[in-house]
Each structure stands twice: as C-alpha cells, then as structure tokens.
Amino acid sequence: LKPSAALADKMSAAAQKALSDRILSLGEEGLAQKKNKLEASVKINQTPVPQNLYQFPPIPTEENIPVLPVSEQVNIINDPSINGNGGAIMVQRVVLQTQFCHCRLLFHIRDLPDDLRPYLALFQEILWETDLFLPPNIHVPYVDVVTNINDELVGTGCGVGFGSSTFGCDFLPEIFYFFGMCEIDHIDTLFQWMTDVLFGCVFPK
C-alpha cells in the first residue's frame, strides 16, 4: 500500500463527521444515558474478584485416570493368492471401547519410480476427492464423492510417512498411508468407501 496524505485527511474528516452525526442523533438525553451506562460499567469492573475464583481444583494423580481396556491381535498373511509377489501382509487389530472405527492402510513406496515421486504431494491431496468409476459402469462425480463421504464418515486422509505435511514427513518416508474413520455402526460403509476410492479413482488429465 502506498501512503497518501490526502487519503488520510479524507478518512479523518469522514470519521469526525460520523462522530458529529452520532452526537446529533443521540441528543442530550441519549448522551446522558450513555454516560450513566459507562460510569456503571466502570464501577462494576472495580469490584474485587472473589477469592474463591483464585482456587484451582486439585490436580488428579495417575491413579485417578481411568484406563480403557485394550486388546490387540496381529495376523501375518503370506498367501500368494492374496498378495501376489508383494511379500507378507501384516494386519493389526486393536479393540477399545469407543464409538468410532479407524482403519489405516500402509503401502511401501520404496520401489516407486523416481519420475512419479514428485506427484505424491498432488496425489495425497486429491485421492479422496476425485471421480470414481465403479463396476459395472457407474460414474460418481467428485462432487458427489466428497459430499457423501462428509455425510457418512467422520474423517479421511492420506499422505507420505508419519507426522507428514504437504511436502515432507517426520519419519518413515517410504510408507504411504491411507485411512478413514467412522462411527462404529457404519464400519461396512467405511470399508466400501476405502475400496471404491482405492480401486475406482480416476484422475482428470
């Protein structure tokens, strides 16, 4: 912005005129009411704060923090009919008492060609927001995809590594994660959306 003395004078005159017009619209009676209201507010603010407001609740100890029961199960799938030549697949199932289901898939990208790696930043931004082509011949526009996912799921996302941002990650840069979260009653809907997005996404040229 370029400083302008003429514009500053114009704005100052406009502010002064607005103040004068406000005084005229209020009149003597209105100004007196505003003065009384201001003085009453100042008097209330001068009231000392009650001492009990300075007392903080006791800090709880670790013994008082409830612990959610957690069960974990890990399965290793090494069946060529399922994973082809991609090596073993590990499935970790963690169960806790919650109202939500969280599913996260991890893919190794160490063998991704170097000429495709620059596109990962764009890929992770549009994967959950692109057109879907599903069998037998169903086209779902990206607008409907985004609208329905927002209505039926709690959260979605994908990216490279963990602690990731658009152009970097904190650790495990050779992993691409893909996740979705839903209310526990919509777990079938979550798995269906994740399958459709992974296998049905089509990116515009």
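**Pairs, bridges and a patch**

Student: Is F176 buried or exposed?
Tutor: This is a predicted model, and the value for F176 is computed from it. The relative accessibility of F176 is 5%. Buried means under 20%. So F176 counts as buried.

Student: How many aromatic pairs are there?
Tutor: Ring centres must lie within 6.5 Å to pair. By this rule the count comes to four.

Student: Are the planes of F123 and F176 stacked, edge-to-face or tilted?
Tutor: The ring centres of F123 and F176 are 5.4 Å apart. Their planes meet at 45°. Stacked needs under 30 degrees, and edge-to-face needs over 60. The pair is therefore tilted.

Student: How many residues apart in sequence are the parts that F123 and F176 tie together?
Tutor: F123 sits in helix α3, residues 120-126. F176 sits in strand β7, residues 171-183. The pair therefore ties together parts whose separation in residues is 53.

Student: Which residue forms one aromatic cluster with F123 and F176?
Tutor: F123 is partly exposed, at 27% relative accessibility, whereas F176 is buried. One cluster holds them both, along with F203.

Student: How many disulfides does the rule give?
Tutor: A disulfide needs two cysteine sulfur atoms within 2.5 Å. The cysteine sulfur closest to that of C101 is in C182, 4.8 Å away, which is too far for a bond. C182 is in no disulfide either. By this rule the count is zero.

Student: What is the relative accessible area of C182?
Tutor: C101 is buried, with a value of 13%. C182 is buried too, and its value is 0%.

Student: How many salt bridges does the structure hold?
Tutor: D21 meets K17 in a salt bridge, at 3.0 Å from N to O. D114 forms one with R117, at 3.8 Å. E174 forms one with R117, at 3.3 Å. The structure's count is three.

Student: Which helix holds both D21 and K17?
Tutor: D21 is partly exposed, at 37%. K17 is exposed, at 53%. They are four residues apart, about one turn of the helix. That helix spans residues 5-45 and is α1.

Student: How many residues apart are E174 and R117?
Tutor: E174 lies in strand β7. R117 lies in the loop between β3 (100-108) and α3. The pair links distant parts of the chain, and the separation in residues is 57.

Student: Is D114 buried or exposed?
Tutor: Exposed means over 50% relative accessible area. D114 has 63% relative accessibility. So D114 counts as exposed.

Student: What is the area of the nonpolar surface patch made by L68, V70, V94 and L96?
Tutor: One of its members, V94, is in strand β2, residues 89-96. V94 is partly exposed, at 45%. With L68, V70 and L96, V94 makes a patch of about 340 Å².

Student: What distance separates the C-alpha atoms of V91 and A18?
Tutor: V91 lies in strand β2. V91 and A18 are 73 residues apart along the chain. Their C-alpha atoms are separated by 69 Å.

Student: Which residues is V91 in contact with, leaving aside neighbours within four places in sequence?
Tutor: V91 is partly exposed, at 37%. With those neighbours left aside, its contacts are Q73, V74, N75 and I77.

Key
Residues numbered from 1 in each chain as written. Predicted model: local features only at pLDDT ≥ 70, side-chain atom pairs only at ≥ 80, totals over all residues. Heavy atoms only, no water. Patch = residues over 30% accessible without salt bridge, like charges linked within 9 Å, V, L, I, M, F, W, Y side chains within 5 Å. Areas by Shrake-Rupley, 256 points an atom, 1.4 Å probe, with all protein chains shown as cover. Salt bridge = Lys/Arg side-chain N within 4 Å of Asp/Glu carboxyl O. Helix = DSSP H or I, 4+ residues; strand = E, 2+ residues; numbered from the N terminus. Buried < 20%, exposed > 50% of the residue type's maximum accessible area, 1.4 Å probe, protein only. Phe/Tyr/Trp six-rings, centres within 6.5 Å; stacked < 30°, edge-to-face > 60°. Contact = heavy atoms within 4.5 Å.
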